[in-house]
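Me: I would like to go through some of the labels attached to this model and the values behind them. Please set each value against its cut-off.

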Amino acid sequence: MKIIVPMAGRGSRLRPHTLTVPKPLIPVAGKPIVHRLVSDIAKVLGEPIEEIAFILGDPAFFGEDVVQSLEKLAQELGAKASIYRQLDPKGTGHAIMCAEPSLSGPAVIAYADTLIRADFNLDKEADSVIWTKKVDNPEAFGVVNLNEQNQIVELVEKPTEFVSNQAVIGIYYFKDVGVLRDELQFVLENNIINGGEYQINDGIKRMMAKGKIFVTGNVDEWMDCGNKNVTVETNQRMLAFLEKDGEQLLADSVQKTNANIVAPCFIGENVVIKDSTVGPYVSIGANTVVENATVKNSLIQRNSVIKNANLDNAMIGSHVYYDGNFETVSIGDYSVLE
């Protein structure tokens, strides 16, 4: 089994956090998004992963440190890492074709801006499985249309009339991803464009038109990381799941002085918490200092200092110095204070 992970986008909706760190590498509940996603997919598949192909963007942004972190992730899962580049962003279908040498045999394709919780048996008799989540407002999503045999016969983007409540979450299984490769090659060669880009859906629609069987795999939880507010919410939900799973969320090296930690929280290595209340639903990266502060429902990354603060629904990056008793301010592009 292979996992194909397009992650070339820079995540403009999550600025300023994605100005220096690619969105899939932003930690949520103490672990980068793409690391959690790939690990959870491997767990659902329940079989050896032979290769993980990552499609990255410009090396100036997705640099050697990113490559090394992804190679380490693949190694931890017993897989070979293949690195490809999409230097000209032309859509989801184009991104997948950038990994053409890896597009053969059974594979899962997963876009690295979402997290899941799932427990189902993958239907390997079908030609493809499109992972979906039941939603209350299907008109806001791309959804699948099912026939009487619960096979997918159509993909409908943001339907104005009810089609189904099964939203497509951006994770797909193909019994032979080479079939999708061939159809996407046709899409590219014949310049079939939707929304100004080459889309995976056009390859899938060509497979359906040729009688390939598509079914759904329904996930229990689908968590988005598209912008700051939903990422903070995803952090909350993931912390609750990890606490229920019994994972250790507080590093042994955390230094506490007159500190109250309200679970669930992730507190990284060598974090210092002094005269503060932290939690619930807070993630703090390594080497950060929190002093004389109250922090809840928030994400704080590595090597930052937070003093004299009262934070709720906050997302703070790495190497930040924030003193709530500020008199002078130095704030970069795309920063938000509300």
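Me: What makes the charged end of Arg206 count as sitting over the ring of Phe186?
Reply: The charged end of Arg206 is 3.6 Å from the centre of the Phe186 ring. A charge sits over a ring if NZ of Lys or CZ of Arg is within 6 Å of the ring centre and within 35 degrees of the ring normal. This is a predicted model, in which local features need pLDDT of at least 70 and side-chain atom pairs count only at pLDDT 80 or more, while totals for chains, interfaces and linings use all residues. Residues are numbered from 1 along each chain as its sequence is written, and side-chain values use heavy atoms, with hydrogens and water left out.

Me: Why is the pair of Tyr172 and Phe174 called stacked?
Reply: Rings of Phe, Tyr and Trp (its six-membered ring) pair if their centres lie within 6.5 Å; planes under 30 degrees apart count as stacked, over 60 as edge-to-face and the rest as tilted. The Tyr172 and Phe174 centres are 6.4 Å apart and the planes stand at 25°, so the pair is stacked. Tyr172 and Phe174 also belong to one aromatic cluster with Tyr111.

Me: How many aromatic pairs are there by this rule, and what kind is the pair of Phe61 and Phe62?
Reply: The count comes to four aromatic pairs. Phe61 and Phe62 form one that is edge-to-face, with 5.3 Å from centre to centre and 90° between the planes.

Me: How do you know that Phe61 is buried?
Reply: Buried means under 20% relative accessible area, exposed over 50%, and partly exposed in between (1.4 Å probe, protein chains only). Phe61 has 10%, so Phe61 is buried. Phe62, at 0%, counts as buried too.

Me: Why are the buried residues of H2 said to line one face?
Reply: The buried residues are Val66, Val67, Ser69, Leu70, Leu73 and Ala74. Seen down the axis of H2, they fall within an arc of 165°, so they line one face of the helix. The arc is that of the directions from the helix axis to the C-beta atoms. On the other side, Glu64, Asp65, Lys72, Gln75 and Glu76 are exposed.

Me: What do the buried residues of H2 pack against?
Reply: They pack against helix H1 (33-45), strand S4 (51-56) and strand S5 (80-85). The test is contact, meaning heavy atoms within 4.5 Å. H1 itself is mostly covered, with 12 of its 13 residues buried. Just after H1, Gly46 takes a positive phi of about 65°, and H2 is followed by Gly78, whose phi is positive, near 70°.

Me: Which contact is found at the start of H4?
Reply: A side-chain oxygen of Asp176 reaches to within 2.9 Å of the backbone nitrogen of Gly178. A polar contact is a pair of N or O atoms within 3.5 Å; within protein, one must be able to donate a hydrogen and the other to accept it, and residues adjacent in sequence count only if both atoms are side-chain atoms. The buried residues of H4 include Gly178, Leu180 and Glu183.

Me: How do you know that Asn235 is buried, and what does its side chain reach?
Reply: Asn235, in helix H6 (residues 228-244), has a relative accessible area of 0%, so Asn235 is buried. Its side chain reaches the backbone nitrogen of Ala29 at 2.9 Å. Among the residues that Asn235 touches, not counting those up to four places away in sequence, is Ser298.

Me: Is Ser298 buried or exposed?
Reply: Ser298 has a relative accessible area of 0%, so Ser298 is buried. Ser298 lies in strand S20 (residues 298-300), and a polar atom of the Ser298 side chain lies 3.1 Å from the backbone nitrogen of Ala314.

Methods:
Helix = DSSP H or I, 4+ residues; strand = E, 2+ residues; numbered from the N terminus.
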